[in-house]
Amino acid sequence: MESESTQLPLKVCPHCSVASRTDEDTCPSCGKPYARTRNWRWWIAIAIIVAAFGLGYGGRKLIQGSDESGEISFAQGKAVKTGISESELRDQVGGEDPSYEKTLPGPGDAKRTCLYYAISDREGSLWQFCVADGKVVTADAVK
Ligand SMILES: [Zn+2]
């Protein structure tokens, strides 16, 4: 009898706090179910909510990425003035990452980094902004 009872798992009832050795899913003391199943469902629910939020965020990112990454309108590019800093440039194009960038040899030892943005309303054209010493030195629409 004693050996049989020690083989049973010890469960603490979350409702009445009575610890019982039992195989049952309900507390022999108060008759309420042990919360294990409920807790498990709760965690699943949290996991689903977290996953849904993650997916929503990731999905939006994905849509933005495939839709307009590195694309700005002609007017947006036209508004960029030379002499502004690279971070001002990035602000001005709405935080958009360039389609690509290239480092070009500049005059003398200077190097220019040119940022290229596809022009959303002019197919096949790009805005080319070349940055030297942290400042935009040229802003041109190129093919
Ligand atoms: Zn109980």
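Let me start with Leu-115. If we skip its neighbours within four places in sequence, Leu-115 is in contact with Pro-98, Glu-101, Phe-129 and Val-131. Please keep in mind that this is a predicted model, and everything I say about it is computed.

Leu-115 also belongs to the largest nonpolar core, which has 13 residues. Leu-115 is among the residues with the most contacts inside that core, and the others in that group are Ile-72, Tyr-117, Trp-127, Phe-129 and Val-131. So much for the members; now the elements. Two strands give two or more residues each to this core: E5, residues 111–119, and E6, residues 126–132. Which of the elements gives the largest share of this core? That is E6, with five residues.

Staying with strand E6, five of its seven residues are buried, so the strand is mostly covered. For the chain as a whole, buried residues make up 12% of the 143 residues.

Next, the pairing. On one side of the sequence, E6 pairs with E5 in the antiparallel sense, over six bridges. E5 and E6 form a hairpin, and six residues lie between the two strands. In that turn, Gly-124 has a positive phi of about 85 degrees.

E6 is also joined to strand E7, residues 135–142, by seven bridges, and these two strands run antiparallel as well. Here Val-131, which I named as a core residue, stands opposite Val-136 in E7. The hairpin of E6 and E7 has two residues between the strands.

That brings me to Asp-133, which is found in the loop between E6 and E7. Its phi is near 55 degrees, a positive value in a residue other than glycine. Is Asp-133 buried or exposed? Asp-133 is exposed, because 11 other C-beta atoms lie within 10 Å, and the cut-off for exposed is 12 or fewer.

Ser-17 is another non-glycine residue with a positive phi, in this case near 65 degrees. Where is Ser-17 placed? Its place is in the loop between strand E1, residues 10–12, and strand E2, residues 19–21. Ser-17 has 10 C-beta neighbours inside 10 Å and therefore counts as exposed.

Last, the whole chain. The chain has four helices and seven strands. Read from the N terminus, the order of elements is α-β-β-α-β-α-α-β-β-β-β. As for contacts between residues at least 6 apart in sequence, 35% of them join residues at least 24 apart.

To go back to where I began: Leu-115 is in contact with Phe-129 and Val-131, among others, and Leu-115, Phe-129 and Val-131 are each among the core residues with the most contacts inside the core.

Methods
Residues numbered from 1 in each chain as written. Predicted model: local features only at pLDDT ≥ 70, side-chain atom pairs only at ≥ 80, totals over all residues. Core = buried A, V, L, I, M, F, W, Y, C linked by C-beta atoms within 7 Å. Buried ≥ 20, exposed ≤ 12 C-beta atoms within 10 Å, placed from the backbone. Contact = placed C-beta atoms within 7 Å. Pairing = 2+ DSSP bridges.
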